[in-house]
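Please keep the sequence and the 3D view at hand while reading.

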Amino acid sequence: MSVLDDIIAGVKEDLQERRAKTSLAQLQEKVAATAPALDAYAALGVGDPDRSELRVIAEVKRRSPSKGDLASIADPAALARQYADGGASAISVLTEERRFSGSLADLDAVRAANPQVPLLRKDFTCDPYMIWEARAHGADLILLIVAALSGEELAEYLALAHELGMAVLVETHTEEEVSRAVAVGAKVIGVNVRNLKTLDVDRGVFAPLARLIPAEAVIIAESGVRDAADVRDYAASGANAILVGEALVSDATPRERINEFKAAGAAAISAR
């Protein structure tokens with residue numbers, strides 16, 4: 001069993017517990033009473049002919065399977081406010097509990113503290129229930145990992161998210177996965193340089209895959225951001241945005257670090 005398979009198995013178990021407490025019908029009622037989602041596509045530059053800015057999706061992330069504990073983050077809302085002040089285009093909140101020590105409570109807290117910044121629910125979406133759940137807790141954007149879904153599921157989940165007014169980040173790691181993302185009409189395509197089946201990181205994966213993504217799609221570089229040099233490399237290779245967690249949660253001044261990343265990215269984009 002791969003690492004990804006093991007994570008998904010745990011997510012499904014935890015999902016059954018939540019479903020036993022809150023029915024799909026109850027979630028749907030909550031969604032109906034929830035304010036419409038913010039336009040995360042616009043925030044990430046979808047449809048914007050001016051792609052001179054590097055967008056940053058800043059992540060609230062306590063731990064990871066590969067690195068273990070990263071930061072305690074006693075107040076995720078306060079951290080998210082620093083991200084917003086630093087100019088993050090969206091804020092990602094890990095909600096997977098077993099491997100990442102996240103929760104929907106974190107998403108709720110960040111949503112309440114940052115009503116104007118689009119939120120990504122970062123989890124291993126494997127059931128339509130989780131998409132309704134994301135919207136019910138204020139998410140404007142969800143993650144769909146191509147490696148974790150069949151072609152039918154990918155198309156179905158993408159359509160449901162759009163039906164609920166949310167944007168979708170479709171994550172890829174291989175040429176075949178990029179082809180599948182493009183085939184379903186993904187507007188935002190992430191290239192994760194971490195292989196979720198082994199947790200190995202190879203930054204060299206990004207550039208050749210980015211070249212396969214249509215120009216109209218927004219390309220997100222995921223994982224492997226340690227410093228401004230990494231950001232410059234990704235931006236020079238076609239990234240329109242980066243998704244970064246570890247480098248921010250382990251930094252004493254995340255607001256300033258985001259500004260540094262944005263400046264490095266913009267310089268690399270202008271030099272393409």
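The largest pocket has a volume of about 490 Å³. A pocket here is an open set of points on a 1 Å grid over the protein atoms alone, with protein on both sides within 12 Å along at least five of seven lines. Grid points are joined across faces, edges and corners, and a volume is the space filled by probe spheres set on the points. Of the 32 residues lining the largest pocket, E59, K61, R194, S223 and G224 are the closest to its centre; lining residues have an atom within 4 Å of a point. Two or more lining residues come from each of helix 1 (3-21), strand 6 (141-145), strand 10 (241-244) and helix 11 (246-249). Helices (H or I, at least four residues) and strands (E, at least two) are DSSP runs, numbered from the N terminus. By class, this lining has 15 nonpolar, seven polar and ten charged residues. Ala, Val, Leu, Ile, Met, Phe, Trp, Tyr, Cys and Pro count as nonpolar, Asp, Glu, Lys and Arg as charged, and the others, Gly among them, as polar.

The model is predicted: local features need pLDDT of at least 70 and side-chain atom pairs count only at pLDDT 80 or more, while totals for chains, interfaces and linings use all residues. Residues are numbered from 1 along each chain as its sequence is written, and side-chain values use heavy atoms, with hydrogens and water left out.

The second largest pocket has a volume of about 380 Å³. Its lining has 22 residues, and D14, R18, E97, L104 and E133 are the closest to the centre. Helix 1, helix 2 (24-32), helix 5 (104-113) and helix 6 each give two or more residues to this lining, and helix 1 gives the most, with five. The classes here are six nonpolar, six polar and ten charged residues.

A cavity is a set of points where a 1.4 Å probe fits but cannot get out. Helix 6 (residues 128-136) gives the most to the lining, with three residues.

The largest nonpolar core has 95 residues, and Y83, I91, F124, F206 and I242 have the most contacts inside it. Such a core is a set of buried Ala, Val, Leu, Ile, Met, Phe, Trp, Tyr and Cys residues joined through side-chain atoms within 4.5 Å. Helix 6 gives the most to this core, with six residues. Leaving aside neighbours within four places in sequence, F206 is in contact (heavy atoms within 4.5 Å) with residues including V191, V193, I219, Y234 and A239.

Strand 6 is mostly covered: five of its five residues are buried, that is, under 20% relative accessible area (1.4 Å probe, protein chains only). In a regular strand the side chains alternate between the two faces of the sheet. In strand 6, L141, L143 and I145 lie on one side and I142 and L144 on the other, with both faces covered. Strand 5 (residues 119-122) pairs with strand 6 in the parallel sense over two bridges, where pairing requires at least two DSSP bridges. L120 stands opposite L141.

P76 lies in helix 4 (residues 76-85) and counts as buried because its relative accessibility is 7%.

How values were computed: Buried < 20%, exposed > 50% of the residue type's maximum accessible area, 1.4 Å probe, protein only.
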